[in-house]
Structures are given as C-alpha cells and as structure tokens.
Amino acid sequence: MSTQRTTGRRKQAVAAAAVVAALLSTAACGGGNDDKDGGSKSGAAGFNAANNKVAQASLAKKGGTLKFASAQDADSWDTTRGYYGFMWNFSRYYSRQLVTNNAEAGADGAKVTPDLASSTAKISDDGKTYTYTLRDGITWEDGKPITSKDVKYGIERVWAQDVLSGGPIYLQQVLDPKKTYKGPYKDKSADKLGLKAVETPDDKTIVFKLPEANSDFEEMLALTSASPVRQDKDTKSKYGLKPFSSGPYKFQSYTPNKNLTLVRNTEWKQSSDPVRKAYPDKITINFFTNANDLDQRLINGDYDLDLAQTGLSPQGRTTALKQHKENLDNPVSGYIRYAVFPQSVKPFDNEHCRKAVIYGADHESLQTARGGPVAGGDIGTNMLPPSVPGSEGQKYDPYESATTNKNGNVAKAKEELKACGKPNGFKTTIAVRNNKPVEVATAESLQASLKKIGVTVDIDQFDGAQTTGIIGSPSNVKKKGYGIIIMGWGPDFPSVQGYGLPLWSGDYILESGNNNFALIKEKAIDGLFKSYTKELDDAKKADIAKQINHKVMEGGYYLPFVFEKFINWRSSRLANVYTTDGYSGQYDFVNLGLKK
Amino acid sequence: MTELSKSGAAVGEPVKDSPAPSAFLEVRDLKVHFPTDDGLVKSVDGLTFSLEKGKTLGIVGESGSGKSVTSLGIMGLHTAGQYGKRKAQISGEIWLDGTELLSADPDYVRKLRGREMAMIFQDPLSALHPYYTIGQQIVEAYRIHHKVDKKTARRRAVEMLDRVGIPQPDKRVDSYPHEFSGGMRQRAMIAMSLVNNPELLIADEPTTALDVTVQAQILDLIRDLQKEFGSAVIVITHDLGVVAELSDDILVMYGGRCIERGPAEKVFYEPKHPYTWGLLGSMPRLDRDQTERLIPVKGSPPSLINLPSGCAFNPRCAYADVPKDNVTRTVRPELSVVGSQHWAACHMTQEQRERIWTEEIAPKL
Amino acid sequence: MARGPAAGPRAVLAYLIRRLFAAAVMLVVIILVVFGIFFLVPRWAGVDPATMFVGKQADPAAIEAVRQKLGLADPIFAQVWEFFRGLFVGRTYSGGGDVTECAAPCFGYSFRSEQAIWPVLTDRFPVTLALALGAAVLWLLFGVAAGVLSALKRGSLWDRGAMIVALGGVSLPIYFTGLLSLAIFSYGLGWIDGQYVPLEESFSGWFGGMILPWVTLAFLYAAMYARITRATMLEVLGEDYIRTARAKGLTEPVVIGKHAMRSTMTPILTMLGMDLGALIGGAILTETTFSLPGLGQAVLKAISDKDLPIILGVTLITSLAVIVANLLVDLLYAVIDPRVRLS
C-alpha cells in the first residue's frame, strides 16, 4: 500500500530503538495523563489514547483548518489510480463509494458500511449477484445528483489501465477476469457504459454480476477505486490533478509535491452521508522534503498530523517521546516485515534449508533493527497481520520465534541443514532495497546471525524505486541468485485475500511485477483461496484464513520479522481521533475534528 | 657641514641632529630594515646624500644593493599600505624642501607624492593598471592634486602625452596599456609622473625593460624634460653607462651602504673602489666584445641579514688581501676622501688603488 | 603597434552567435545523454522502465500498455526527435483513447503526476532563482568584505578567526548548517517561521521563509568567496600598479577600493557566474533541507521517481542557465578586463 518513509542511518535505527524502549519504560509511571476526555495540560489526549479507541470525540467542533504535513505526495489523487494507504484514507474527503469502511475505531473500522448505497448489498444465493440502491440527496460538487451510471463509469475506469495505471485491479479481476471489456475510453457504445458485468437499470439501482462468486467483493467495492466518476468531468490521465468531488470537500488547489487545499463542497449534505462528520472547513497538505523538519514542525504544533502515517523519524520520535508523549499513538500498522525465500534459487528449493534460516535467525535482533518492540513492532511469528480476520497474532508461533527461539536456535538450524543436505551451511545473497535504511539494517542483522550456522550471505542493495522490475521478475531473481529477499506487505483490504492472494497464490506468479516471491504453487493453498471466495460466512472465512496462514508457515517460505508498529503524532488540536484497521492503523482522516 | 661638489650635487658627510639643510633633498643616515622569519634584512643601512634642484643623482648597484628600497623610502612607500606584513623599520632623516618626511604626518607625505615627488618604474606594463586607459590613469594622477574637471584634466593628459612624444595623443589617450609598445608605455608612464610638475623625479631602472634602441630615446627624453621642468632627478640603475650619460653625481651602493660617490666623470673615469671597477668592467660597451670583460664582479650579492664582517665586499674582492693584517675581513671601512668631492670606502691605500687602477684595470677597459 | 578597442559591437555579436550555436549543440548532447541514461542503463540492468509506473499487481498487459503510453516502445531516436519537435512546435499525446494537446514549448507530461512540465518549470524556477540571487547578494557582501579585511589585516586575529570560520563554512554540509539554523531560529527561538510562502501571498512571509536558506547557502559560499577574495587581494596588493597608484598620491581607500578591487573582482565575478549557473540546477540540498519548492527539489523527486520528463525539463533549463551564466561571465570579463578579446 504505502511506501514507508524512513530516514537516518542504519545504526541510528538500532540506537533509536533502545532509546525508545528506555523512554517508554521510564515514562510509563509518570507521563501520560489518561483521563477520558480531558487530556493533558497541552490538551492532548494521552499516550495511545486514540489507538483503537476514540479520543476526545466531544471536543470536536465544526470549522477550522486541518493541517496535514507530508514528506510524500500521493502516487495519484485519481480515485482509480491511487494505491498508497494514506491516499485511500484521504480520498474519502472528496469521494464516496457505494460502501465504505466503517467510521469506527480499531477492528470495527475494517467492516464495510453503506455510503452512497442505502444499505449493504443484496447478495443472491449463489453469491454472484450484488444489488445496491442509491440513497437520496447524494450530489456532485456542482449539485447534480450522483447516479448509478456515474458509479458504473467510475468502476469502468479501472479497465483503462493503459491510461490510468497504478491502482488496484481487483474489480477487473473479479468482474471481468478474461478482460473482454477494453475500458471506457475504447468503449464503442454511445454512453461508454459497455461493461456487461455491471448493470444500471435506473439511476438509483446498480447490479453487479460476477462470473464467479467472491466473498470479498463488497470489500473491493469499498476501495477508493470503486468511486463514481462523472463522464463529462473525466479528464482521463489528468484527473488526479483535480478530481471532481462527490464527498464533503472539493479540490481548491493542488500543486504536486508542493501543497493541496480542500475546501467544503457546499453541495454535499450531511444528511446524505452516514459516515463522514466533516468537521473542519478547510483541509491542507504541505509537502516537505526534509523529514526531520517535518517532524519538528509537527512537534511545534505547526501541523496536525503526518499524511503518510508511517511514524516519526528516529530523531523526531526521541524528542516526541521525551517531551510530548501524550501526543503519540503506537498502533499496529497492518504490515508484516519479513524475509522471503525464492524457491528458484538453490538451496531454497529445499524446505529444510528455508527452515534452517528461520531457526538460525536472531528474531530479537531483527526486531531491534526494525526499531524495537515499540517503534518496530512485536516479533512476527506468522504471516497473517493482526488486523486480518483469522489472525492469531503471536499465539500462532510455529517456529517459537517469539519465545524459546527468539535469539535463534543453532542446534535446530543445524539439524535442518543436515536434513537439507548442507550440514556445513551454504552461500547465498540477500536482496534489499537501498532506500530503506531500516531494511538494510535488518539484512545486516540477519547476515550476522546466519553466520553462526555456517550460512554466508552477501547483501545486494538494489534501487528501491525499481522493486517491480528487479525482484518482481522471477527470472532476474534466479539470475542474480537472490536466495533471500527482504520486503514488507500490508493488506489492501482486511482479508486473507486482500493480503495474501498475490503473495501465495500460484496463479499470481508473474513474469514482471510478481509479488509471489517465494514462487509458492501449492494446490492446498490455491484450493483454500478458492473455497474462501465462495464462503460467505465471516466465521468460516476467518477459519480458512487461519488455515492458509498455517500452510504458508509450514512451508517455511517466510521469515517474518515484526508485526509492524508505528509511533504516530497527533496534534493537541485534534479531536474525535482514532486509529482504524480499515486503513491499517492510520487515523481515520475523514472524521478528524479540531477543538475550538 | 655640507660640502658642495662643483656640479652642485651635495655629497656631504653624515650630519646628525642638524637643523633643516639648505639642499633641496637631503637624506641622512637612512636605514630601512625588514624583519623576516630568517632575521632582520638590512636593505639600507646608513645612507646619506643630498641633491639640488635641476641636478641628477645616479644611484648604481646590483639588485639587492638597496637602491630601490632607498627610492621607495623617500617616496614614503614603505609605510603606506603595508597591510598585515611586518612593518619596515625606517630611521634616519629625509629632508625634502625643508621638511623632514619620516616624522611628518603620513597624509602630508601622501599629498607630496605625485605632486612634489614622482616616480617612474622599471616595468611600465606591470606598473600601469591594466584595466584603465592611459588617459584615465593620467587624469586620475592629475586630479588628485588639482581641483579641475575631467575635461581639463584630459586636455592636460593629451598635452603631456604629446610632450613625451606619443603620436596622435588625442587618440592614444583612450588606449589601454597593453595596446602600447614598451617604449610608448614608458613614455606614458613618464607623462603620468610629470603631469603635476614634480620637483623631484625618481626613475627606478627606467630603461631596463626596454630595447636598447628605445633605451637611448627614453634617456634623452628624461634629460630633456629635466631641463625643461628643472626638477631634481634620481636615476636608479644597475647600469653605470646609463648614469654616466645622465647624472651629475654618482652614488654606488653595495650591501645597503654607499661604497663610493662623487661627480659622475670622477667615478666613471677614476673609480676608487674595486666594486666600481667591477661595475665598469661588466658594463656592455659597443666598442668592445663582451667576452673580453676584464673584471666581472664574481660571486653573488651578500646576504643582507648577515653581511660579511669587515668590508662587505671582501668575499668577492680580488684585492682583499692587499691591505695588511687581514683588516678587510675584520674592520668595516668608512667613507674617506679620495679626491675632490670624491669618497670611497676601502681599506687599500690611495697608492695601492692608483697602482692597481693604472696597471691592472684601466688598460683592459 | 596600435590595436583597436577590445570588442566592438560587431565582434560581440559574432561572438554571441558562435557561442549560442555552441550552446545549442551542447543542449542537444545533454538531452541525448539524459535520454541515454534513462533508457539504456535500466535496459543494461535488465529492468523495464515501464514496470516503475504500474501498480502493485501489474500484469504484463498493463505493463505493455504503459510502455505504449510513455512511448517507451519507440526507438530511442524517435523519442528524442519527438521531444525536440515538441519543444518547438508542440505535440499531441494519445494513447488508450486519451488525447492531450501539448502546445510549444512542450516539455511533455510528468510520468507520475501527469502535470505538464512547462508550468512546473515556470512555477519552480523563480523560487530557485530567488534563492540563488538572494544568497549571492549576501555572500558577495559578506564574503568579499571579509576577504578584503582579512587580506588587509593579514596575520591578525581577525584574519585568522575569519579564515577558520571560512574553513568551517566550506567544509560543513548545507544539510547540517541548514538543520542547525532551523533548530536555532525556527524551532528554538521561534524568531523565524522558516517555511516557504509564495511572494504573491505575503512579502514578509516570503522573506521569512527565504532568509534561512539564503543565510545557510550564503554561509557556504561566503566562506569560499572570502578565501578567494583574500588570496586574490593579497596577490593584487603585490602588483606594481598598486605601488604606482600609491606613488601618485592616491589615498588608501582609493587604492584599495578602486585599483585593487577592480582586479580582485575579476576572478570573483567569474566564479559568481559559474556558481549562479550551477545553483539554478544545484541548490538541491538547500531546497530539500528547507522544503523550498524549487527546481532542485523537483529534480531530486523526479530522479527517485524515475520521472524522465521532469528530469529532462529541469536539466534543459539548468543547462541553459549555466550556459547563459557562462556567456554573461565571458562578456562581463571582456568589459572588465580590456586585455580579453572576444574570439
């Protein structure tokens, strides 16, 4: 989803982790005023006061300017094209969907709730037909009503990948897996609404006909890429520079990498929108190029929060923990940071060699390299993020990474090496993105601990901007001999499908842009994904997710480092602030308010 | 007190604590010392002479003998603008037209520079500012001392250029130094020096950087101008021939001191110091082949930090052992009368010198 | 013997034409090099540039579509040709039913944000120019003054102190001094906000945002200029014509301020021209440290985004700036130093 902003050097990351741990343990007794809505002297709600719960809801007032700061602009503000997590979160200011993530803290925020639609879908018994009726009073920023045809047109834009590249393509994969439709720009029909799988019998009704059932379909409709777009306002590739608003705010000005200002969309009616509170009058984003400067200005109170929501930089973190702990939350990000073993590179075709590395790794030092338990996250013991239904968290720990073996188990690792036929170890290469100092630090940590079991590794830092082309190409991975790839992954939507399908499904091994780095092609896993898409019952879905997770872990394809956590800043001016699993532990932007 | 030579250029014995002298320029016991990391460089160490208006004094010596330092000392250029460097230590007296300059207000001395006393430098290409036209530089020199508008000053510059023999002066006034030939540049330099009718003109090696043919023209020019303006002139050179042509009196310097002085024809035709003999011998003459040089001055100039003891010239002197008791190497010879208005600093007796001159030196010259 | 004036108007014109022609050739070469770096290097490394512009789940068809749209499928010379044509007559982008007219001077569209490059350049150029010029005024004032004083008081406490500060200024990275100045004046004392505000919004805000970058950048350059000024001034003070100036009876302020300064300024102006030219494209660190929306920041972002059109646009503009600056320096040099003839 989002890319992580990391600054500072490798060693600093490790040092900073120690500082953070020390600061938190000392401050635990004295700091952090946790009374319910009062907050500390500064007015801030207190440490972790907004983590999975709503802080200072009653203090939110209409009006004011909510100020975001960011070291990173969105990949695109076009609803069809954005893929960054903060973009999906922020896009709810100016776009609405049939259904959207619940405006609730924590896990409840990951559930879908009606938005433009008057209720969630009426789903046919075979799970292949989804019908929605639009509610009344929903309007575009020029006052015209939003129709089912606008919704269909917006969804059709996903098919125009040649013009509108970059966004998620789940809808295309589910509604038109054979790609028979060529997108609205090549649509020969007069109204450009030629996508057969979506029907709009009238302006208020929209019907989706899936060739095959997919139990996460409604989750996919909650993605920003399912937002309505009005055909006469579609500026195609330029749409991201000024999207036409269906939400409570509209674009006033936007200069990429400089600033963005949203003002109220006066045509939007509160009564038509059960989700968005729309407290501030104005929302601004200022883009920074100096992450330290950005953090300082957050701490100084010049801005309210970081748009990217990827945590403070090590320096800023230290200052903030020391002086302004009550302004911090420490949410789980939904990301898992891990090492993955491509089976195409010997000896990782042998699962015993993979497991030898898992046993041999010092999980605690990897966690430290990631930033420690607070800024880095809990030791990762399996591959299902805590926000995804079916997750067992650290309770499922097949390699005892967080307990017995947290500093590595040399004996066990040697045993596995013997089973693999490499009793004296072997040589391999770790591939790591050069623009992520923390990942380079973890690579070095892994290198050190593997030395103890006789596995010698070279570290190859590759251009982090070219991930898709370098490690996304299995032939290149094989050629370069990348036996270990260090990466991270977060869910596009909180389900095993939204997280694991591209990583673990044999159907997702691609020549380029591949994410199934381990080249997993297990019938059992593919079968479980198939049955998952047909299962409509939530409890059973969670159970299948659990099984998939177990299968992946049993194969020894992954060495998880951490269930990632961030330390995020919220200004003392913010009210009605809470983190939500709907957006991977970010604050729910659209309902943030300011105190008066 | 001061004795006047027949030519009128006073060459007196050093006189201390005397009132203002009657001569136009009188230098008394001038010492210019420069402190350096290696020690005190005594560039000029007790120099005395005087000069009347309308007369010319030639100061001769090798490079490093102190002649240029003397001229800069008179102009007050050792103290002006010597930023940060260790300051030159100057003592003695310099009387110009009744005023002692070393003890005078520096700004008073500055006002004298260019107006009362002017200087012609050795290399006119480097001595003229490359970024300003000849005219601008002459105009500037004129306007410091005369409150006139630019137009008037420019007319004056053209007039001066014309006077020093530069053709088309009204055009060449706008040329830059690099657009002039060497001789023309020196003429321009002279024009600039004389623009304020100075009473004292110091020409420091005025012809060294020039072609031989041009040298004569420039010397003629200086002589003519002196007659016309009636200034006192000091010509500094290492070339005895130049001063012989131009000067009334000659002062020979060695190691920061005067070792012989007297009327020009005396010093030239009856020199009394072995060093002067050497200078004469090494003088290029048109009537003689250069390879026949008789008494070239062997060796190199002395260190000004540690002058040889005794006579500073003794390590290079072919006759150092002529005087008895090794006195040349232990006792510093003082100037003594060797003739009418003629002094030399040498331990040899009059007779010894006469004999060597007539028997060994003169025939070979 | 007599030579004409150094540079008549006709000589200057001929010189200008020659230089502009050379500049045009240079720009073409630069464009070719940038194209080459962008397209050939990834190919050697076995990476398809198109993969950098697709989403997380890119299927081959989407990658092919992007390749078509960005024109990456065409031969490189066709792409270069299209680029040049766009500069002078504009061009039309079409792909996947999306047609965009791009009027001359067309620098293309950003691969990332889809904005037209020309407005990006015109929007950001003034920021960089203001940064460079403002800093230049400061460093000239302080650097040259400090250098002259040091030269005149050579060996003094002032001289040694100033040269130590200058050494510090030269060796400390902008990133460090920039953050330090922010920490002191902005976060610490709170005297200055230190954030960029467009000039048209508020002059005081703009000034407040620019002052720290100016001072930081000027500190680095003032240090260099002080050292150069000192060395040049010392050299000039030893020149014969300075002695001549004194021998004329000029006062010291005139000797230093007029005669010595004129010569000292020649190398300094040469340096200034080069530095200003380079700064237009090279104030990356300063712009990054202070989040100034200038060209340097844009190109840094574009490099990490592999956004070729922006890289090309900024490279062209900055190359042009460097060439123009050099040209101005040469002309100015001929004006200052009559010995220099334009040839």
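How far apart do the closest C-alpha atoms of chain A and chain B lie? They lie 44 Å apart, and no contact joins the two chains. A contact here means two residues whose C-beta atoms, placed from the backbone, lie within 7 Å.

## Basis of the model

This is a predicted model: local features need pLDDT of at least 70, side-chain atom pairs count only at pLDDT 80 or more, and totals for chains, interfaces and linings use all residues. Residues are numbered from 1 along each chain as its sequence is written, while chains are lettered from A and ligands numbered from 1 in the order in which they are written.

## Chain A overall

Chain A holds 17 helices and 23 strands. Both are DSSP runs numbered from the N terminus: helices are H or I with at least four residues, strands are E with at least two. The radius of gyration of chain A is 24 Å, close to the 25 Å that the globule rule gives for 596 residues, so chain A is as compact as a globular protein of that length. That radius is taken over C-alpha atoms, and the rule is 2.2 Å times the number of residues to the power 0.38.

The C-alpha trace of chain A spans about 70 × 60 × 40 Å along its principal axes. Of its 596 residues, 62% count as buried. A residue is buried if 20 or more other C-beta atoms lie within 10 Å of its own, exposed if 12 or fewer, and partly exposed in between, with C-beta atoms placed from the backbone. Among contacts in chain A between residues at least 6 apart in sequence, 74% join residues at least 24 apart.

## An open sheet in chain A

Five strands of chain A build an open sheet, in the order β8-β9-β10-β1-β11, with mixed pairing. β8 (249-255) and β11 (305-306) of chain A stand at the edges with a single partner strand each, so one side of each is left without a neighbour in the sheet. Two strands pair if DSSP finds at least two bridges between them. Strands of a sheet pair through backbone hydrogen bonds, either parallel or antiparallel.

β8(A) and β9 (residues 259-264) of chain A pair in the antiparallel sense, over six bridges. Within this strand pair, Y249(A) has R264(A) in β9(A) as its bridge partner.

Chain C has 12 helices and two strands. Along the sequence its pattern is α-α-α-β-β-α-α-α-α-α-α-α-α-α. Its C-alpha atoms fill a box of roughly 85 × 65 × 40 Å along the principal axes. Of the 343 residues of chain C, 43% count as buried. Among contacts in chain C between residues at least 6 apart in sequence, 65% join residues at least 24 apart.

Chain C is divided into domain 1 (9-117) and domain 2 (119-336). These bounds come from an automatic or database domain assignment. The domain centres, taken over C-alpha atoms, are separated by 33 Å. Their contact takes 19 residues from domain 1 and 18 residues from domain 2 of chain C. On the domain 1 side, helix α1 (residues 9-44) of chain C gives the most, with eight residues. By class, that side has 14 nonpolar, three polar and two charged residues. Ala, Val, Leu, Ile, Met, Phe, Trp, Tyr, Cys and Pro count as nonpolar, Asp, Glu, Lys and Arg as charged, and the others, Gly among them, as polar.

## Contacts between chains

Two pairs of chains are in contact, and chains A and C share the most contacts. Their contact takes 41 residues from chain C and 41 residues from chain A. On the chain C side, the elements giving two or more residues are α2 (60-70), α6 (174-188), α10 (284-289) and α11 (295-305) of chain C. α2(C) supplies the largest share, seven residues. By class, the chain C side has 15 nonpolar, 15 polar and 11 charged residues.

Chain B also touches chain C: 29 residues of chain B are in contact with 31 residues of chain C. On the chain B side, α2 (106-112), α3 (124-127) and α4 (134-145) of chain B give two or more residues each. α4(B) gives the most, with four residues. That side divides into 13 nonpolar, eight polar and eight charged residues.

Helix α7 (residues 182-194) of chain B has 13 residues. From first C-alpha to last, α7(B) reaches 18 Å, close to the 18 Å expected at 1.5 Å a residue. The expected span is 1.5 Å times one less than the number of residues. Of its 13 residues, 12 are buried, so α7(B) is largely enclosed by the rest of the structure. Among the buried residues are G183(B), R185(B), M189(B) and L194(B). Their cover includes β6 (117-120), α3, α4, α5 (150-163), β7 (200-204) and α8 (212-229) of chain B.
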